[in-house]
Amino acid sequence: RRGVGDVVLEKYRGIAVGNSGALSQEIHLAFTRARLKSKLCARPVDMKWSKMLGNQLTSAVSAILDMTPGEILRDNELYALEMAQLKETLDVMQRCGIKPMNLPGTPTGWLALGVGLPRVLVQPIVVWLGGASRGDKMPSFHIDLHSGNPRSEVEFLHGAVVRRAVTMGVDAPINRLLRDTLVDLAQGKIPKAQFARQKEKLLQLAAAKSPALRAALRPSFPSIPLVMVALAVVALLLAFLGVLPGFSA
């Protein structure tokens, strides 16, 4: 056990600070002097929602299905489910005037750009980034659920998307399903075994609620112009990913 005041640096990603006044600027300077790769964000709301967007990736599905993030992202159908929930979040952000941004060591802005691109081009990059970030580490949603915690952070991530969507007069059916399912699992209303490693059950429920997901699950071939544009974007992404290690946990 380490002594009081000892700090162990496990990953050197950096830290984002929302610029809300003099105090936040002082904190940013203190972090910078401590060589913590601090970034002062002009719009805290962009920072907070971008952090949430990255944290949404695989967190709820991992807990519900008892699968690792890597297993989820490598599965084509579950990858489509992940992109569908992120699209809902990005739609809500756009309606609210919130812009996704890259955070220190966390290319959430690039993730947002990749969400709408063909799976065959973007999925390998997302798998690589997810692996670089988490490895085999399970998200906190999974740890809380399987340790018997009756409360879940899902209310503050997917639940936030659902609540904001309602105020904007739109729906976020995938985020709503993931929130409701995980809350019911945490409270014991649904046995964990009902969904454990049974992706078909979750996909069937999700597809029934989301026409966009149903369309994404149907086999299709992107047009040649779209592929060319996607390849150009991916090339730009790769140029930046050499200095950006991955998504935060």
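## The model at a glance

This is a predicted model, in which local features need pLDDT of at least 70 and side-chain atom pairs count only at pLDDT 80 or more, while totals for chains, interfaces and linings use all residues. Residues are numbered from 1 along each chain as its sequence is written, and side-chain values use heavy atoms, with hydrogens and water left out. The pLDDT score is the predictor's confidence in each residue, from 0 to 100. The chain averages 87, and 84% of the residues score at least 70. Please read residues 243-249 with care: pLDDT stays under 50 there.

The chain has 13 helices and two strands. Both are DSSP runs numbered from the N terminus, helices being H or I with at least four residues and strands E with at least two. Of the 249 residues in the chain, 46% are buried; buried means under 20% relative accessible area, exposed over 50%, and partly exposed in between, using a 1.4 Å probe and protein chains only. The accessible surface of the chain comes to about 13100 Å², and 59% of that belongs to carbon and sulfur atoms. Such areas come from the Shrake-Rupley method with a 1.4 Å probe, and for residues only the protein chains shown count as cover.

## The core and helix 5

A nonpolar core is a set of buried Ala, Val, Leu, Ile, Met, Phe, Trp, Tyr and Cys residues joined through side-chain atoms within 4.5 Å. The largest one here has 52 residues, and Ile64, Leu65, Leu81, Leu182 and Leu202 touch the most other members. Helix 5 (residues 76-95) gives this core its largest share, ten residues.

Helix 5 is largely enclosed by the rest of the structure, because 14 of its 20 residues are buried. From first C-alpha to last it reaches 29 Å, close to the 28 Å expected at 1.5 Å a residue; the expected span is 1.5 Å times one less than the number of residues. At the start of helix 5, a side-chain oxygen of aspartate 75 comes to within 3.0 Å of the backbone nitrogen of glutamate 77. Just after the helix, glycine 97 has a positive phi of about 75°.

A polar atom of its side chain lies 2.7 Å from the backbone oxygen of leucine 177. Leaving aside neighbours within four places in sequence, threonine 181 is in contact (heavy atoms within 4.5 Å) with Ile64, Ile190 and Phe195. Isoleucine 64 in turn touches several residues beyond four places away, including Leu178, Leu182 and Leu202.

## Two loop residues to look at

Most residues other than glycine have a negative phi. Lysine 37, in the loop between helix 1 (22-33) and strand 2 (38-41), has a positive phi of about 55° although it is not a glycine. Lysine 37 counts as partly exposed, at 39% relative accessibility.

Arginine 197 sits in the loop between helix 10 and helix 11 (199-209). Its phi is near 55°, a positive value in a residue other than glycine. Arginine 197 is partly exposed, with a relative accessible area of 48%.

Note on methods
Polar contact = N/O pair within 3.5 Å; in protein donor to acceptor, adjacent residues only side chain to side chain.
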